[in-house]
Amino acid sequence: MSLVGQLYKLQQLDLELQRKQQELDGIESQLSDDTSLVAAESKLALQKERLEDGRKKQRSAEWELEDLQEKVRHIDSKLYGGKTKDPKELVNLEKEVKSLKSQIKPKEDALLGLMSQVEELEAEVRRSTEEVRQLKQEWEQRRVTLEQRKREVEAVLAKLKEDRNGLRQQIVPEVLNTYERLKLTKGQAVVKVERGKCQGCHVTVSTSQWQKVKAGDLIQCSSCSRILYLE
Ligand SMILES: [Zn+2]
């Protein structure tokens with residue numbers, strides 16, 4: 001292979017390396033992006049907190065109601081148990097039990113409200129749990145596929161780097177420097193000559209230059225300085 005041929009090959013390897021590196025970066029960024037799962041998990045955690053809170057409120061409402069019912073039973077047993085004979089005390093007890101009984105209905109209503117809230121929250125938690133489960137499953141599948149692809153791309157990259165380094169060792173440092181400098185400033189260091197024109201700047205290559213290029217000499221375009229290559 002001529003020196004220019006080697007440089008052209010080096011350029012192809014560099015371009016392929018760049019493409020594979022971009023692909024690898026893309027895979028890695030996808031692998032670190034589990035935002036929808038994280039969002040679903042934090043939503044679920046919040047709903048569970050609200051459910052726990054709702055259950056606590058329900059329990060304390062139940063206790064308050066039981067307490068009230070217990071007080072009513074206690075006074076009822078005094079009223080109808082026959083132990084209390086004092087009419088004044090009986091009147092007071094009647095008043096007290098009436099007041100207590102009037103509190104029962106609102107407390108029952110409040111409790112029913114809390115119970116239905118808890119039921120709604122339970123349904124929400126069930127839905128979100130299922131959502132998280134699905135997202136986890138999807139994420140896991142995607143992760144496995146991405147990890148697999150990542151390993152493949154890494155292997156290709158390693159091979160490309162090996163090939164590139166091997167090729168670079170065959171090229172003298174001054175030429176490599178020219179190549180690197182052109183790559184940096186022009187994007188593409190080596191360009192083909194097609195129909196007598198430099199494919200970097202589309203200026204016609206002189207006959208004498210063309211002949212040198214054909215002979216395999218390292219010739220830079222007189223217009224754009226890129227290294228000319230003829231297949
Ligand atoms: Zn040119």
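## Helix H1 and residue Gln6

Helices here are DSSP runs (H or I) of at least four residues, numbered from the N terminus. In this predicted model, helix H1 covers residues 3-31, and Gln6 has its place within that helix.

Gln6 has a relative accessible area of 11%. Buried means under 20% relative accessible area, and Gln6 is therefore buried. Apart from its neighbours within four places in sequence, Gln6 is in contact with Met1, Leu167, Gln170 and Ile171.

## Packing of H1 with H3

Two packed helices are described by the angle between their axes and the distance between the axes. For H1 and helix H3, which spans residues 87-169, the angle is about 160 degrees and the axes lie 9 Å apart. Angles over 145 degrees count as roughly antiparallel, so H1 and H3 are roughly antiparallel to each other.

The crossing of these two helices, H1 and H3, is left-handed. Sorted by class, the residues in the contact of H1 with H3 comprise 13 nonpolar, three polar and 15 charged.

## Packing of H2 with H3

Helix H2, formed by residues 35-80, also packs with H3. The angle between H2 and H3 is about 160 degrees, and their axes are 7 Å apart. Because of this angle, H2 and H3 are roughly antiparallel to each other.

H2 passes H3 in a crossing that is left-handed. The contact of H2 with H3 contains 25 nonpolar, eight polar and 20 charged residues.

Technical notes
Residues are numbered from 1 along each chain as its sequence is written. This is a predicted model: local features need pLDDT of at least 70, side-chain atom pairs count only at pLDDT 80 or more; totals for chains, interfaces and linings use all residues. Side-chain values use heavy atoms; hydrogens and water are left out. Buried means under 20% relative accessible area, exposed over 50%, partly exposed in between (1.4 Å probe, protein chains only). Contact means heavy atoms within 4.5 Å. Axes are lines fitted to C-alpha atoms, for helices over the stretch in contact, and angles run from 0 to 180 degrees between N-to-C directions. Angles under 35 degrees count as roughly parallel, over 145 as roughly antiparallel, 65 to 115 as roughly perpendicular and the rest as oblique. A crossing is left-handed if the near helix is turned anticlockwise from the far one by less than a right angle, and right-handed if clockwise. Ala, Val, Leu, Ile, Met, Phe, Trp, Tyr, Cys and Pro count as nonpolar, Asp, Glu, Lys and Arg as charged, and the others, Gly among them, as polar.
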